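Please open the model in a viewer and keep the selection tool at hand. The stops below are to be visited in order.

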Amino acid sequence: MAIFIKDLLLHYAIVLFLPFIYHFVSIQRIRVSPKLVFYTSILLVLFVTIVFPITFTPLYSFDLKFIPFFISFFYGGPIFSFIIVLLIPCLDYFIGEEVFIVNFINYAIIYLVFYLLRYTYKNGSIVRKIMFALFIQLLITFSRIVMLIKDNNTNEYSHILLFSLFSFLALALVIYIIEMTNFHSRTLKELEKAEKLHTISQLSASVAHEIRNPMTTINGFMQLIRGETNLTQDQSLFIDISIKELERTQSIISNFLSLSKPSASDKAIQIVPLTELINETVEFMNPFALIRGIKLNSSVQEGVKVKAHDEDLRQVLINIIKNGIESIKENGQVVVILLENEKEIVIEIIDNGIGMNKKQVKKLGQPYYTTKNAGTGLGLMISYNMIKLIDGKIDVQSEVGKGTTFIIKLPKIE
């Protein structure tokens with residue numbers, strides 16, 4: 001029994017190598033891919049646990065290969081885990097295990113079960129995840145006890161129960177450390193994002209305040225000029241356009257000021273005819289698209305209305321459409337689609353531009369992050385903030401070389 005417990009504690013320590021590696025690669029900025037380091041550690045633990053199993057008697061020996069398999073699926077991904085399923089029988093064959101085909105079938109079945117339950121596991125709490133691991137471990141223990149009963153060997157029950165207890169404790173601790181590492185990583189990212197947002201909010205407030213004063217002066221002089229009686233028709237038209245653009249600029253400045261106090265109560269939410277708003281915005285942005293040789297089309301459902309800030313929503317649409325147009329090098333198009341379903345209102349802005357990779361998509365909306373050569377990233381940051389204030393959400397789907405789709409989801413009017 002002493003040798004058995006010694007081997008068990010040794011394997012326990014080996015398995016705990018996984019969460020510490022995961023924690024290390026999560027907090028350290030290393031040149032080597034963190035996934036590659038984590039995958040390598042899983043393979044190493046798998047190899048050690050299979051090649052050096054825990055021996056009960058000359059007839060019985062078990063290992064902890066289920067733990068690296070479990071971790072590989074839920075924290076490494078289904079593709080990497082499938083490689084593990086193929087690797088397990090190969091390692092079993094390497095050490096002369098006669099039931100390697102049975103092991104392959106068993107782990108293939110477990111893989112399918114895990115695949116069906118992957119989203120349930122992902123969205124569960126830490127407690128639920130540990131309880132799920134306990135349930136699976138109990139099933140494995142039951143199967144081993146059945147095997148002992150079948151062989152009429154009841155002397156190894158204590159070994160099996162002790163082994164199963166240590167296995168569950170090891171797996172539970174691994175899950176807990178990895179989940180807490182993920183939680184701390186998310187918390188740090190949120191704190192960094194909040195700090196950046198606070199800094200840009202203060203900067204935006206000071207700059208916008210300084211710009212607003214001369215803008216007000218220019219607007220006043222333009223109003224005086226418009227009152228002149230000797231203006232030509234074209235001059236009157238240009239002055240009207242200039243005043244409208246000055247008013248829109250004032251609205252944009254107000255949006256910058258709202259970053260310092262992002263509260264939904266700063267502006268009155270009203271029922272906005274979204275169909276008309278999108279049609280007007282597409283018409284407004286069409287000259288900008290034509291200058292660049294881009295086709296700007298729309299397909300909108302009639303009669304759609306939403307509770308929002310009129311100018312805020314217009315600014316969001318302008319920002320995203322403008323980004324879509326600028327992402328296209330030549331002979332491209334941008335399509336704006338509006339649909340209302342039973343659950344929500346969906347606006348899709350689709351372009352066939354240069355697209356983005358997953359890493360770039362993940363950073364969208366962060367202060368000063370932009371994929372353009374000339375840009376600050378503030379437009380999208382403000383857009384994300386505006387949509388969030390009316391309980392909406394922006395999802396982005398993109399593929400390099402094929403284009404990007406911005407999906408704005410807004411709540412329906414109740």
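**First stop: a buried serine**

Select Ser81, which is placed in helix α5; helices (H or I, at least four residues) and strands (E, at least two) are DSSP runs numbered from the N terminus. This is a predicted model, in which local features need pLDDT of at least 70 and side-chain atom pairs count only at pLDDT 80 or more, while totals for chains, interfaces and linings use all residues. Residues are numbered from 1 along each chain as its sequence is written, and side-chain values use heavy atoms, with hydrogens and water left out.

Is Ser81 buried or exposed? Ser81 counts as buried, because its relative accessibility is 0%; buried means under 20% relative accessible area, exposed over 50%, and partly exposed in between (1.4 Å probe, protein chains only). Show its surroundings next: leaving aside residues up to four places away in sequence, Ser81 touches Phe69, Ser72, Phe73 and Tyr111, where a contact means heavy atoms within 4.5 Å.

**The nonpolar patch**

Now select Phe82, Leu86, Ile101, Phe104, Ile105, Ile109, Val113, Tyr115, Leu116 and Leu117, which make a nonpolar surface patch of about 900 Å². Patches consist of residues with over 30% relative accessible area and no salt bridge, like charges being joined within 9 Å and nonpolar side chains (Val, Leu, Ile, Met, Phe, Trp, Tyr) within 5 Å. A salt bridge is a side-chain nitrogen of Lys or Arg within 4 Å of a carboxyl oxygen of Asp or Glu. Areas come from the Shrake-Rupley method with a 1.4 Å probe; for residues, only the protein chains shown count as cover.

The elements giving two or more residues to this patch are α5 (78-94) and α6 (100-122), and α6 gives the most, with eight residues. Within α6, pick Ile109; Ile109 is partly exposed, since its relative accessible area is 48%.

**A buried strand residue**

Move to Ile54 in strand β1 (residues 54-57). Ile54 is buried, with a relative accessible area of 0%.

**The paired strands**

Select β6 (residues 333-340) and β7 (residues 344-351), which pair in the antiparallel sense over seven bridges; strands pair if DSSP finds at least two bridges between them. A hairpin of three residues joins β6 to β7. Which residue of β7 is the bridge partner of Val335? The partner is Ile350.

**A loop with a positive phi**

Go to Asp391, in the loop between α13 (378-389) and β8 (393-399). Most residues other than glycine have a negative phi. Asp391 is not a glycine, yet its phi is positive, about 65 degrees. Asp391 counts as exposed, at 66% relative accessibility.

**The whole chain**

Zoom out and colour by pLDDT, the predictor's confidence in each residue from 0 to 100. The mean pLDDT of the protein chain is 81, and 82% of its residues reach 70 or more. Over residues 262-266 the pLDDT falls below 50, and this stretch has six contacts in the model beyond near neighbours in sequence.

The protein chain has 13 helices and nine strands. Of its 414 residues, 41% are buried. The chain exposes about 24000 Å², with carbon and sulfur atoms supplying 61% of it.
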